[in-house]
Amino acid sequence: MNRNMRVAVCSRSFSKNKILRSELLKKYKHVTFNDKGVKLEEGILIKFLSGHDKAIVALERLDDFVLSQLPDLKVVGKYGVGLDMIDMDAMKRYGKKLGWIGGVNRRSVSELVISFAISLLRHVPAAHREVLSGTWRQHVGSSLSGKTVGIIGCGFIGKDLVKMLKPFGCTILANDIIDQTDFYKKHQVLGVTLEEILMKSDVITLHLPLDNSTRNLLTAERMSLMKHNAILINTARGGLVDERALKEMLKNGKIAAAAFDVFEIEPPEDFELIKLDNFLVTPHIGGSSKEAILAMGMAAIESLDGNYIVNKIQ
């Protein structure tokens, strides 16, 4: 490791974290942090990264054009779990290496999913709003215990969620493009089709990357398969769900409720959707527990050293 390598840190949360800053500065003398908290996009991103040998990125988009303008950049360390913002083919064309460790924020996201499920099943968001408006009445909800939970995407987070759901005695259905037979058998998970998950689940939760095969995965037609008392949770990526169709289904009682931590456009611009009583919204906080931030940050630092190099999309 060459301590004189120049490192740029795009992530705002990494840049704010005193522990992560200290750990990175122990390894590299020349570090540029995003101390102004700027959202780095295309031209601004190129300017920020120019002249640096290595970079730590989070949700910044590294596409062909951006990478073509950064001849000095050699290694990118990924802060976080998703790789959909990085053009892997362009990385290869321009000779850039990507360091990435998957699943480091899995528990943070899994816990948020559990909190979403319980909150919606017990009508917590609607009850909270009513109390603030002066209405005091009991809401009769239902328990997560014993429910059928459908997990779409059984990777690092999906698998962790399976383990967290065990004390609730849930029937767990899962769907993944990768054969997970051994894991399903070990944890009493039923591997089923996407359509079966939509038709049979009380709680449906998404844990997929966003790519051409998953974009708009849950169309109006597919969501129409869901039970009227089902809830939908998305802590994965915006763009997986047709948000307009979801809004109409929530308004018309076609499904009971939904909770989203991610949106196709962030921050979301459809205020009619996010203000619905049966919709719970958070500002992309799934992987942002203190513990997860440290774990993701330390993984990103480690990946800059040439460990965990990704040569193809996982």
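Predicted model: local features only at pLDDT ≥ 70, side-chain atom pairs only at ≥ 80, totals over all residues.
Lys-78 lies in strand β4, which spans residues 75-78. Lys-78 is buried but forms no salt bridge. Asp-84 is the nearest side chain of opposite charge, at a distance of 7.0 Å. A salt bridge would need a separation within 4 Å. The side chain of Lys-78 instead reaches a backbone atom: the oxygen of Ala-58, at 3.0 Å. Beyond its neighbours within four places in sequence, Lys-78 is in contact with several residues, among them Val-57, Ala-58, Leu-83 and Ile-86. The contacts of Lys-78 also include Leu-98, Gly-99, Trp-100, Ala-300 and Ser-303.

Strand β4 runs parallel to β3, and four bridges join the two. Ala-55 has Val-76 of β4 as its bridge partner. Strand β3 (residues 54-57) also pairs with β1 (residues 6-9), again in the parallel sense, over three bridges. Here Val-9 stands opposite Ile-56 of β3. In a regular strand, side chains alternate between the two faces of the sheet. Strand β3 is covered on both faces. Lys-54 and Ile-56 are buried on one side, and Ala-55 and Val-57 are buried on the other.

A further sheet is open and has seven strands. Its order is β8-β7-β6-β9-β10-β11-β12, with parallel pairing. The edges are β8 (190-191) and β12 (279-281), each of which pairs on one side only. Strands β11 and β12 run parallel and are joined by three bridges. Ala-259 has Leu-280 of β12 as its bridge partner.

Helix α8 covers residues 156-165. Its buried residues are Ile-157, Gly-158, Asp-160, Leu-161, Val-162 and Leu-165. An α-helix has 3.6 residues a turn, so residues three or four places apart point the same way.

Leu-144 sits in the loop between α7 (124-132) and β6. Leu-144 counts as buried because its relative accessible area is 5%, and the cut-off is under 20%. Apart from its neighbours within four places in sequence, Leu-144 is in contact with Ile-114, Ala-117, Ile-118 and Leu-121, among others. Its contacts also include Val-149, Leu-165, Phe-168, Cys-170 and Val-203. Leu-144 and Asn-34 are 110 residues apart along the chain, and their C-alpha atoms are separated by 41 Å.

The largest nonpolar core holds 31 residues. Met-223, Leu-232, Val-241, Leu-246 and Phe-279 touch the most other members. At least two residues of this core come from each of α10 (194-200), β9, α12 (243-251), β11 (257-260) and α13 (271-274). Helix α12 gives the largest share, four residues. Val-241 is in contact with Met-223, Leu-232 and Leu-246, among others, when its neighbours within four places in sequence are left aside. Leu-206, Asn-216, Leu-218, Asn-234 and Phe-260 are also contacts of Val-241. A second core is separate and has 28 residues. Ile-114, Cys-154, Cys-170 and Tyr-184 are among them.

Terms used
Residues numbered from 1 in each chain as written. Heavy atoms only, no water. Buried < 20%, exposed > 50% of the residue type's maximum accessible area, 1.4 Å probe, protein only. Lys, Arg positive; Asp, Glu negative; His and termini not counted. Polar contact = N/O pair within 3.5 Å; in protein donor to acceptor, adjacent residues only side chain to side chain. Contact = heavy atoms within 4.5 Å. Pairing = 2+ DSSP bridges. Core = buried A, V, L, I, M, F, W, Y, C linked by side-chain atoms within 4.5 Å.
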